[in-house]
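Please look over the structure below before reading on. The text after it is meant to be read alongside the model.

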Amino acid sequence: MLYLKLTRKNFLAALESFSDYQVYAPKRTEDKVRLKEITILELPENLQFERCTHSAKELFLPPEETLFYFKRFSSAQKPLLDETKRLIIGLRPCDARALQVLDSNFLQGGFDDPYYRSRRENSLVLTIACREFEKTCFCDALGLGPDLLNGADAIIYDLGDQVGVLAGNTVLAQRLQAFALETKEVENETQVDRGAVPSREVELLPVKSPEEYFPLIFQDKLWEEIESACLGCGACSYLCPTCYCFDITDVNLGPVGKRIRTYDSCMFNMYTLEASGHNPRPTLKERWRQRFMHKFSYIPYLHGLLGCTGCGRCLEACPSRIDIREVVKYVATFTG
Amino acid sequence: MENFEPKIIAFLCNWCSYAGADLAGVSRFQYPANVRVIRVPCSGRVNPLFVLKALYEGADGVLVSGCHPGDCHYQSGNYYARRRLEVFKKLLEFSGISPARFKMAWISASEGAQFAQLIREFTEEVKKAGPNQEIIREKSDLEEFLNESR
Amino acid sequence: MWQPLQDNPYLPIPMRVEEVKFESEDRSLKSLWLSFLAEGKREEFRFRPGQFIELSIPGKGESPFGIASSPEEELIQITVNKAGSVTKAIHELDKGDIVGLRGPLGNWYPEEEFVGANLFIISGGFAFTTLASFTKHLLREWSDRVKNIDLVSGARTPGMLLYKDLLEEWKNNPRLNLYLTVDREFPGWTGLVGFVPDIVAKVKVDFENTYALICGPPIMIRLTIPKLLEQGIPKNKIYTSLERRMKCGIGKCGRCNIGPKYVCKDGPIFNFAELENLPSEY
Amino acid sequence: MSLGEITEELIAKGREAFLNEGIEVLLGFEKSSSGFLKPKAFFSPDSLKTLRWDASASTNLAALLPKYRGKKIGILAPGCVSRSLVILINEGQIVREKLKVIGIPCPGVIDRRKLGPLKNSYFLGSKGGKFLLESDNQILELPLEEYLCDCCLSCRYPSPVIYDYMIQGKSREGATDALEGRVKKINSLSEIERLSYFQDQAEKCIRCYACRQACPMCYCESCFVESSEPRWLTAAPTIPDNLIWLLTRTYHLAGRCVECGACEQACPEGVDLMSLLAWAKQTVSQLFNYTPGLEIGERPALGSFSYDDPDFFWGGGLTEEKKCCT
């Protein structure tokens, strides 16, 4: 990886060479901060962006997406791939980490999701190192940190009047090199000047190894305790950057129609309800078991990385203020 | 929009209003052809979701017509309908959907003339309100594919 | 694992309905035989007994169905129970209609493992589709490499027994001991009477070195397994095909998992040793 | 009503309900990791140590009842929750004998939205018209009145209408016109402005259904949004689909909503739900002189009728002359 130092002006000038890219950055409307399309000129020189309340998931797995158009009773079909080029700047290391979790589902495991792949391959993700911890952040409690690249195309460190850019993407590195004051080939984040990185002592969450969690799936009493506060809504899964479960339905207009993909949540009743009326996960006990185990056991077991990035969005969204950190601790101490 | 021809959906109760509409036809009363009639057993059967779904799919006006209070074949169907649809009509107005879009009427089996008059008035009102843009679904991409696939 | 037929696993392959046939008196079960619209697609569509497909009715949706035809047959056969909006639409299909198909999906019965062993096939109700495909393929291609084959097929009434013409054919097939049963006495019924779990206990089968393949409603499976274990068949030699609500069929939409295993991608065929250390979410 | 007293009394009444009345579960609150209270089902008397109630209890506990259907249930109930229970009894969802209601005279509950940036600070507790927050390790003492939900500000029934036990204390007095004010503000807008206001609300909605799950009146086995035959709206959170969701939800609550505000507290996207519901309550009470959830035995407003209901139908209640024109 290449580490480059540039003045702020040069860094923005370098970005102008991506003129054929749509630029997205976090923008506040009322009490929500979401990724909005802006022009490169509108990028603030201090490169300070608020943390998005809706994660970058909405650009890679949109709440609604057309898979293909069809003509009923005929074989006419027209798939719709989104190939717009996007440059997304201002995300945080936890968002980049979340994209790695989404990649593990959509780009590995024997099948390839063309819709997700075309959005992922046509996007450049530039994160910024966090200046301070939000009250609900806990990435450090999971062993991650506010200054990691986490597979992003580049991370921008605030070095006062300059910026330090650790570029994982070679194309981006070359374009920045022309404007750089200093460049250095490095192995990882520890070898670079990361400016003022916030740090606090934090007690690591007692996350177990994936298989250690398996026996817990038979402990009804544990999940009964966790379930009691949950209302069974989709707020946590829709706002979680690593929750990718989706539903597929058809929308018609006379003889034609389109098959669309929309969000779904393991907390909803219809999620596993079978045509016979049997529901293998009838109550919130089984559903909370699925939610927790999927992030802390199944994804690590199948793909080798935690399904939770410590971004804390579910803490803010939950109507019952359920705190997944408490659930991790409680599960670790549960003796049945 | 003078050449705008509104699409109107009418839910007519089978025992009175449907018969009234039939009488209007038999008696050769003239009334605009914009209305598409859906027969329902009683005005009490009309679920406000029918109205929202009709507007969502592209109707410009929705009419619900039943027997005059007291004449209902099922005794109380229209009384329930009266409370429900009045609250619903006001809800549509409160949410900013043009009041002309939804109309409720009592038409008995012998009021063919009134039915024709009702439809003439309602069509005018909807024409004045213009095409439904308040709650109509997004169709442009599907219409485009429809033309392509022809 | 199978080869994706094309680069977009969500895009159905256009098919034509060649034949339709009601399989049960109450017309709730209907079989369809499908052919590929495009030339050469049938050769590309290599599947093994136990796999399933997602049948797509544009405008209604998609549903998963086990493939009932054996790999040697030209047409793809599925049997559909009328339950929801998609299956109702499928029941209204007729010869010549165009539908879509995605697949073949999921894993298959591990035939290599069964070589040299006895096979005890148990089917209940209309879950006979993939087992029918397996048995047809077995009798046509490789029945010489297994010892004896016993098949128990049960249903609520004689009219509900699936693939009656196939069963007739197998009645006088020396290679196969066929036991048909219905839940209670019916006029003109000459076969066995009783629930599948009881018949399984009564049937004299050599349980030494035997693999059991069992598909049917959950209650039947739950009552039959202990009977098989009592006879000494180990858990890893009892295979079943699980039912689940499915959407994508390729392990992406996250809904059909049991523990870390996706029924659509890692299944639907599992043996009971595998199922033992998974949550009892099925 | 200082924090301490009510807690001891709550636990005492809870134990009594378990031991004397034989309840199997008590629906109450306990402190969450953020200090704000979260709903909790207590299954035994000695687990009641963590039972709490204060001004951060923004969940309507009646919404948790379906989870423990068939059991004998104890429940903490300020005014709005007790009225929800009355409606659930009238609509045949629960049986009065299976309920042990611990009535709480309600001082009002804090609106998370009004906390703004403070909403993620640690909530220490509420006491006598004040509440304490800890943010960036300094303690803030804030007046309850300025942060109460609009529902609580304009609440006319803060004391429980049905109860088996009653906690000492005084409910909040002086109902203001906070909710009516919001409705008036919207009514003062032009039709186009009203439409764009509600289209903006529809645009915020992500259809996570937290409002539905938080509402005790939304107990349907299968909600109309999950119906596929017919499919009323698509699963996509577009503005027209979300308008169908918001309007139909409001309509289904007309004459049933007790204005507890739990839906607005549950909504993660800040959608204005209470203006629609306050309008519905106002309209139903003006048209039919009906307030939901006050007596056991009353029929739902839109589930009943009277012969002299107002009549705005074309061709109805018209003068004789208009009716017989050709």
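The model is predicted. Chain A contains 11 helices and 12 strands. The C-alpha trace of chain A extends about 65 × 60 × 40 Å along its principal axes. As for burial, 51% of the 336 residues of chain A count as buried. Among contacts in chain A with a separation of 6 or more, 75% are between residues 24 or more positions apart.

Where they touch, domain 1 of chain A provides 33 residues and domain 2 of chain A provides 27 residues. On the domain 1 side, the elements of chain A that give two or more residues are β4 (64-71) and α3 (93-106). The largest share of that side, nine residues, belongs to α3(A). By residue class, the domain 1 side of this contact in chain A consists of 17 nonpolar, eight polar and eight charged residues.

The last topic is the arrangement of the chains. Five pairs of chains are in contact, and chains B and D share the most contacts of these. Chain B and chain C, by contrast, are joined by no contact; the closest C-alpha atoms of chain B and chain C lie 13 Å apart.

Conventions. Residues numbered from 1 in each chain as written. Chains lettered and ligands numbered in written order. Predicted model: local features only at pLDDT ≥ 70, side-chain atom pairs only at ≥ 80, totals over all residues. Helix = DSSP H or I, 4+ residues; strand = E, 2+ residues; numbered from the N terminus. Buried ≥ 20, exposed ≤ 12 C-beta atoms within 10 Å, placed from the backbone. Contact = placed C-beta atoms within 7 Å. Nonpolar A, V, L, I, M, F, W, Y, C, P; charged D, E, K, R; others polar.
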